[in-house]
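Hi everyone, thanks for coming. I'd like to walk you through a structure that may be new to you, so let's bring it up on the screen.

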Amino acid sequence: SDIRLLEKRGGEADFFEDLGRPVRAAVLVVSDSVYAGEKEDRAGKAIIDELSGYPVDIVEYKVLPDERSLLRDELRRLADEMGLDLVLTSGGTGFGPRDTTPEATEDVVDKDAPGISEAIRAYGSERTPFSALSRGKVGIRGKTLIVNLPGSTRGARESVRALLPWIFHGLKLLSGASSEYHAREDERRRGR
């Protein structure tokens, strides 16, 4: 009865940062079989479902074949013309001969963000050893963060979970806004 909680830190809310507006995002499914109508997309829809509890507006959802040049053009359009905050791709990250999503991403990004792809693989490796086979890349084009996710439904869902909620901190920094998190941490360290 004499125990009281004075301060709680380290929970999900400590890492969530509101941009003051919804994140404008796109989900691109990269799959020859889904594009041809031979298979239903489940991974892209799982990504959208995982984001549904966060302030994210999916302004574009599109299925593309495994064609490096098409994906490259689409990534440029979403970043340069639409000015999206976040582009999540699903598929084309494996060892298959037509898997070129990481290469298309590399073609268009200005800066790599390898820590994010490493975090996704580390999170996945706690669930399946196959996550090490993902060649997914993450990078920045202008003010758009581009994240390659696996094409499997489970892999895509778990990869989004690996990103949330801390990815919003990165998006806030990328938008050029000052970080409230850093200000709060500085105040906490000074004992306020």
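Let me begin with a question: which residues have the most contacts inside the largest nonpolar core? They are Ile47, Leu86, Leu88, Ile116, Leu145, Val147 and Phe168, and the core they belong to has 27 residues. Please keep in mind as we go that this is a predicted model.

Where does that core come from? Strands S1 (23-30), S3 (86-90), S5 (138-141) and S6 (144-149) each give it two or more residues, and so do helices H2 (43-51), H5 (114-125), H6 (153-163) and H7 (167-174). Apart from this core lies another one, of 13 residues, including Ala26, Leu78, Leu84 and Ile146. As general background, nonpolar side chains in soluble globular proteins tend to be buried together.

Leaving aside residues up to four places away in sequence, Leu145 touches Asp85, Leu86, Val87, Ile116, Val138, Gly139, Ile140, Ile167, Leu171 and Leu174.

Now let's step back to the whole chain. The protein chain has eight helices and six strands, and along the sequence they follow the pattern β-α-α-β-α-β-α-β-α-β-β-α-α-α. Of its 192 residues, 43% count as buried. If we take the contacts between residues at least 6 apart in sequence, 77% of them join residues at least 24 apart.

Next, please find helix H6 on your screens. Its buried residues are Gly155, Ala156, Glu158, Ser159, Val160, Ala162 and Leu163. What do the buried residues of H6 pack against? The list is H2, S3, H5, S6 and H7. I'd like to take two of those partners in turn, H2 and then H5.

With H2, the axes come within 8 Å and cross at roughly 25 degrees. Angles under 35 degrees count as roughly parallel, and H2 and H6 are therefore roughly parallel to each other. Their crossing is right-handed. On the H2 side we have Ala43, Ala46, Ile47, Asp49, Glu50 and Leu51, and these meet Thr153, Ala156, Arg157, Val160 and Arg161 in H6. By class, the residues of this contact divide into six nonpolar, one polar and four charged.

Asp49 sits in helix H2. Is Asp49 buried or partly exposed? Its relative accessibility is 44%, so Asp49 counts as partly exposed. Along the chain, Asp49 and Val160 are 111 residues apart, yet 9.9 Å separates their C-alpha atoms.

Now for H5 and H6. Here the axes come within 9 Å and cross at roughly 120 degrees, which makes H5 oblique to H6. H5 passes H6 in a right-handed crossing. The residues that meet are Ile116, Ala119, Ile120 and Tyr123 from H5, with Glu158, Ser159, Arg161, Ala162 and Leu163 from H6. This contact has six nonpolar, one polar and two charged residues.

Let's follow the chain onward from H6. In the loop between H6 and H7 we find Pro165, and the peptide bond that joins Leu164 to Pro165 is cis, with omega about 0 degrees. Then comes H7, which is mostly covered, with six of its eight residues buried. Those buried residues are Ile167, Phe168, His169, Leu171, Lys172 and Leu174. After H7 comes Gly176, which has a positive phi, near 95 degrees. For context, most residues other than glycine have a negative phi, and most peptide bonds are trans.

One last stop, over at strand S2 (residues 56-64), where we find Asp57. With a relative accessible area of 39%, Asp57 is partly exposed. Which residues does Asp57 touch, not counting those up to four places away in sequence? They are Pro22, Val23, Arg24 and Ala25. Asp57 and Val23 lie 34 residues apart along the chain, and their C-alpha atoms are separated by 6.0 Å.

To bring us back to where we started: Ile47, Ile116 and Phe168 are among the residues with the most contacts in the largest nonpolar core, and H2, H5 and H7 are among the elements that give two or more residues to that core.

Conventions. Residues are numbered from 1 along each chain as its sequence is written. This is a predicted model: local features need pLDDT of at least 70, side-chain atom pairs count only at pLDDT 80 or more; totals for chains, interfaces and linings use all residues. Side-chain values use heavy atoms; hydrogens and water are left out. A nonpolar core is a set of buried Ala, Val, Leu, Ile, Met, Phe, Trp, Tyr and Cys residues joined through side-chain atoms within 4.5 Å. Buried means under 20% relative accessible area, exposed over 50%, partly exposed in between (1.4 Å probe, protein chains only). Helices (H or I, at least four residues) and strands (E, at least two) are DSSP runs, numbered from the N terminus. Contact means heavy atoms within 4.5 Å. Axes are lines fitted to C-alpha atoms, for helices over the stretch in contact, and angles run from 0 to 180 degrees between N-to-C directions. Angles under 35 degrees count as roughly parallel, over 145 as roughly antiparallel, 65 to 115 as roughly perpendicular and the rest as oblique. A crossing is left-handed if the near helix is turned anticlockwise from the far one by less than a right angle, and right-handed if clockwise. Ala, Val, Leu, Ile, Met, Phe, Trp, Tyr, Cys and Pro count as nonpolar, Asp, Glu, Lys and Arg as charged, and the others, Gly among them, as polar.
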